[in-house]
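These are my notebook entries on one structure. I set down what I looked up, in the order in which I looked.

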Amino acid sequence: MFFPQYRARRMRSSETIRKMVRETTLSPDDFIYPLFVAHGKGVKKEISSMPGNFQQSVDNIVRDAKETFALGIPAVLLFGIPAAKDSRGSEAYADDGIVQQAVRAIKDAVPDILVVTDVCLCEYTDHGHCGIVENGEIQNDPTVELLCKEALSHARSGADIVAPSDMMDGRVGAIREALDDSGYSGTPIMSYAVKYASSFYGPFREAAESTPAYGDRRSHQMDPANAREALREAELDIDEGADIIMVKPALPYLDIICRLRENTDHPIAAYNVSGEFSMIKAAERLGWMDGRRAMMESLIGIKRAGADIIITYFAKEAAEILSK
Ligand code: PBG
C-alpha cells in the first residue's frame, strides 16, 4: 500500500535531527542591547512598563555594558535622558551631554564593545517632538542641521555607529557629509530607514520621557499601511550613504523585512521595540504564556524574515539561554 511516502515527521523525531535540519539560528552576535542613560550617580530606576530595563547613570551603564559584552553581545544602543529640555533640544548636541559622557565612559572601560547612539531630538525637546517646531509644524531642514551636530558630537565622543531615528528627509546624506568633513568618514550610519508611526513605542516613551506634549509623529513616521513606500525609503537612505538599514517595529512588519531582504544586499537591522517586549512580559506575568519561549520564537521569526541584526530588550536574557 502506498501510504504517505514523504513523512515530514521523520525530520522532527529528535532534538538532534531537528538541529541538523534547522534553517535559521540565533546567536548573541545578532543582538544590539538598548540602554537608557540618565544624569547622576548610582541611579538605577526600573521602567515600570519594561520590567528588567532601567534608567541608569553612567557608572551603572558602564557596568551593564560590561555584562552585555561578557554575554557575547557585540553592541549597545544608547538613549539619553537630559538634565534639562528646551525647544531646540540643546543637550542632544552638547559635548558634555549625557550620551556623550556615557559613550566616553563605556569606550574607556570596554573598548571592544560597539557603542551605537540614537540620533534624534525627541528626548531632548521640551515639547517631545523629533525636531524644531514652528507654527505647529516640525521644520525639516533646520532640524537636519541639529541632527548633524548631534551625530558629529556623538562621533567625537567615540561612538562607533550613529543611528538617526528622526525620519526627517535628507538627514542620512547630510549626516554622512558632516561626518566626512570632520574626519569621521569611517563612522557607519545605521539608519532607521523604515520607521512606522507605531503604538508599539508606548513603553519606550515612558523610558525615554519622550511622549510628545501634543500631536503625534505621523507627519514624519511611516503609515503602517504602506509597504512599497518602505522600499523607497530604504533605497533613498542607501543612496545617501546608509551602511545598515533598519526596520522598526519588527513583529508587525516582518513582511517589510522580508521584502527588503529581497531588494537589498545591505545589512538589515530590525528593532524589536518596547511594546513587543512588554506585551510578552505582561502575558508572562498574567500566566497566559511561556515568556521565554515567546521571546525566542519572536527573535527567530525576525531573523527568519531576513534581519541580520536584532535590536532587542531581550538581548541579555536571550544570550544567556543561547550560551547554555
Ligand atoms: C526616537 C525613538 C523612538 C524609539 C527609538 N527611537 C520613539 C519614537 O519614535 O517615539 C522607540 C523604541 C522602542 O519603542 O523600543 N528617538
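I take helices (H or I, at least four residues) and strands (E, at least two) as DSSP runs, numbered from the N terminus. The model is predicted, and local features need pLDDT of at least 70, side-chain atom pairs count only at pLDDT 80 or more, while totals for chains, interfaces and linings use all residues. Residues are numbered from 1 along each chain as its sequence is written, and side-chain values use heavy atoms, with hydrogens and water left out.

Entry 1, backbone. I looked up P249 and found P249 in the loop between β10 (244-248) and α8 (254-263). The peptide bond from K248 to P249 is cis, with omega near -10°. I then turned to N135, in the loop between β6 (132-134) and β7 (137-139). N135 is not a glycine, yet has a positive phi of about 50°. I note that most residues other than glycine have a negative phi, and most peptide bonds are trans.

I found 18 residues surrounding the ligand (a heavy atom within 4 Å). K248 is listed among the closest, as are K195, R205, S274 and Y313. I next looked up polar contacts, pairs of N or O atoms within 3.5 Å. A polar side-chain atom of E123 lies 3.1 Å from a ligand nitrogen. For the side chain of S165, the distance from an N or O atom to a nitrogen of the ligand is 3.1 Å.

How do the axes of α10 and α11 cross? The axes, lines fitted to C-alpha atoms over the stretch in contact, cross at roughly 95°. The two helices are therefore roughly perpendicular (65 to 115 degrees). In contact (heavy atoms within 4.5 Å), R292, M295, M296 and L299 of α10 meet E317, A318, I321 and L322 of α11.

Note on methods: Axes are lines fitted to C-alpha atoms, for helices over the stretch in contact, and angles run from 0 to 180 degrees between N-to-C directions. Angles under 35 degrees count as roughly parallel, over 145 as roughly antiparallel, 65 to 115 as roughly perpendicular and the rest as oblique. A polar contact is a pair of N or O atoms within 3.5 Å; within protein, one must be able to donate a hydrogen and the other to accept it, and residues adjacent in sequence count only if both atoms are side-chain atoms.
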